[in-house]
Amino acid sequence: MKWDNTQRLIDSSFELTMLAIKYCGNLCIVNNKGEETPLDRKRPKQLDKNDVKFAYDLCMSLNTDSVVNEIESHLTGDYDNNKLIFKVFFGKIAKRCNCLPLLFGASDWNVKAPKDWMKIGGWEQYMTSCKDIKMFVWLIAVCLRDKFDYLIREVQSLAETYDLVFDESDSEESEIETITVAKNKKSQTFSDIIQYDDKERLLKRLHVLIDGRSGADVGCVILRALQENYITRLPTQKEYESEFERIGSWTAIHNYMNDKNLNALDRANKIVFFS
């Protein structure tokens with residue numbers, strides 16, 4: 001049974017995490033028992049251009065869709081086999097991703113993208129223009145968090161498709177569980193990912209554009225909000241539903257939040273928030 005795509009994602013995520021920690025300085029990892037392990041490191045005084053290029057290349061190489069496809073290639077009509085596949089997958093994530101929750105915390109910093117940054121493409125594109133250490137760490141955190149948010153949603157959706165609900169007790173060491181808990185501690189609502197100064201004004205406009213709609217009509221609005229830097233990242237299903245009534249499937253909405261989907265980009269570019 002091959003897990004090449006999953007291993008590539010894990011290895012790249014680990015390298016990105018270590019690179020971010022290199023520039024973070026003194027930090028602590030908190031395990032599920034609340035115990036802290038200091039990461040006492042003197043951070044560099046300025047960014048190394050090679051590190052920026054390395055981070056960009058790694059972020060661009062993160063292919064979550066290939067991981068989901070790889071998981072599905074191992075699934076059959078046998079319930080026990082499928083349960084084992086998910087358990088193996090979670091176990092692999094747990095081995096080298098124990099620092100991810102720490103890094104996801106960095107993505108919650110109150111950081112705004114500079115107005116002169118381009119508004120197309122993913123967060124990876126901004127790295128080439130980044131010169132500030134804190135912004136560099138934040139970008140790595142945002143990129144990884146977006147990737148794992150998406151991966152978790154797709155894996156959960158895949159499990160539901162195969163009538164399988166993964167029991168957390170089946171994998172006590174599963175880092176996916178730790179990641180899910182860690183990221184939900186700070187961002188439980190849609191409002192938490194808004195970085196537009198007048199949150200009430202933006203939410204009111206979003207309700208006008210979203211309420212009563214579903215699928216692509218909703219997804220392209222969220223994508224446009226991200227392009228315009230009104231929100232720091234794409235919302236999880238839970239965060240979306242904390243503010244809006246979901247009509248139809250989450251998958252249909254999420255498919256049109258993808259900036260690599262040309263139809264989604266075309267529709268998003270037609271959305272106007274404020275004249």
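Trainee: Hi! Is Ile 271 buried or exposed?
Mentor: Ile 271 counts as buried, with a relative accessibility of 17%. Keep in mind that this is a predicted model.

Trainee: Where is Ile 271 found?
Mentor: Ile 271 belongs to the segment after helix 12.

Trainee: And which residues does Ile 271 touch?
Mentor: Leaving aside residues up to four places away in sequence, Ile 271 touches Leu 209, Cys 220, Val 221 and Arg 224.

Trainee: Let's zoom out. How many helices and strands are there in the protein?
Mentor: The protein has twelve helices and two strands. Along the sequence, the pattern reads α-β-β-α-α-α-α-α-α-α-α-α-α-α.

Trainee: What share of the residues is buried?
Mentor: Of the 275 residues in the protein, 48% are buried. The protein exposes about 14,400 Å², and carbon and sulfur atoms supply 47% of that area.

Trainee: And what about contacts between residues that are apart in sequence?
Mentor: Take the contacts between residues at least 6 apart in sequence: 74% of them join residues at least 24 apart.

Trainee: Okay, aromatics now. How many aromatic pairs does a search of the whole structure find?
Mentor: The search finds twelve aromatic pairs. One of them joins Tyr 230 and Phe 274 in an edge-to-face arrangement, with 6.0 Å from centre to centre and 75° between the planes.

Trainee: Why does that pair tie together parts that are apart in sequence?
Mentor: Tyr 230 is in the loop between helix 9 (216-227) and helix 10 (237-241), while Phe 274 is in the segment after helix 12 (262-268), so the pair connects parts that are 44 residues apart in sequence.

Trainee: Are those two buried or exposed?
Mentor: Tyr 230 is buried, with a relative accessible area of 14%. Phe 274 is partly exposed, at 23%, because the cut-off for buried is under 20%.

Trainee: What kind of pair do Phe 273 and Phe 274 make?
Mentor: A tilted one: the ring centres of Phe 273 and Phe 274 are 6.4 Å apart and the planes are at 45°. Phe 273 is buried, with 6% relative accessibility.

Trainee: What sits over the ring of Phe 274?
Mentor: The charged end of Arg 201 does, 3.9 Å from the centre of the ring.

Trainee: Which residues do ring pairs link into a cluster?
Mentor: Trp 3, Phe 86, Phe 89 and Phe 90 are linked that way.

Trainee: Switching to charges: how many salt bridges are there?
Mentor: The count comes to eight salt bridges. Among them is the one between the side chains of Asp 149 and Arg 233, at 3.6 Å from N to O. That pair links distant parts of the chain, with Asp 149 in helix 6 (residues 133-161) and Arg 233 in the loop between helix 9 and helix 10, 84 residues apart.

Trainee: Are Asp 149 and Arg 233 buried or exposed?
Mentor: Asp 149 is buried, with a relative accessible area of 3%. Arg 233 is buried too, at 4% relative accessibility.

Trainee: Which other residue does Arg 233 meet in a salt bridge?
Mentor: Arg 233 also meets Glu 239, with 2.8 Å from N to O. Both Arg 233 and Glu 239 are buried. Through shared partners, salt bridges join Asp 149, Arg 233 and Glu 239 into one network.

Trainee: Where is Glu 239, and what is its relative accessibility?
Mentor: Glu 239 is in helix 10, and its relative accessibility is 1%, which counts as buried.

Trainee: Last one: what is the phi of Asn 229?
Mentor: The phi of Asn 229 is near 65°, a positive value in a residue other than glycine. Most residues other than glycine have a negative phi. Asn 229 is in the loop between helix 9 and helix 10, and Asn 229 is buried, with a relative accessible area of 12%.

Technical notes. Residues are numbered from 1 along each chain as its sequence is written. This is a predicted model: local features need pLDDT of at least 70, side-chain atom pairs count only at pLDDT 80 or more; totals for chains, interfaces and linings use all residues. Side-chain values use heavy atoms; hydrogens and water are left out. Rings of Phe, Tyr and Trp (its six-membered ring) pair if their centres lie within 6.5 Å; planes under 30 degrees apart count as stacked, over 60 as edge-to-face and the rest as tilted. Helices (H or I, at least four residues) and strands (E, at least two) are DSSP runs, numbered from the N terminus. Buried means under 20% relative accessible area, exposed over 50%, partly exposed in between (1.4 Å probe, protein chains only). A charge sits over a ring if NZ of Lys or CZ of Arg is within 6 Å of the ring centre and within 35 degrees of the ring normal. Contact means heavy atoms within 4.5 Å. Accessible areas come from the Shrake-Rupley method with a 1.4 Å probe; for residues, only the protein chains shown count as cover. A salt bridge is a side-chain nitrogen of Lys or Arg within 4 Å of a carboxyl oxygen of Asp or Glu.
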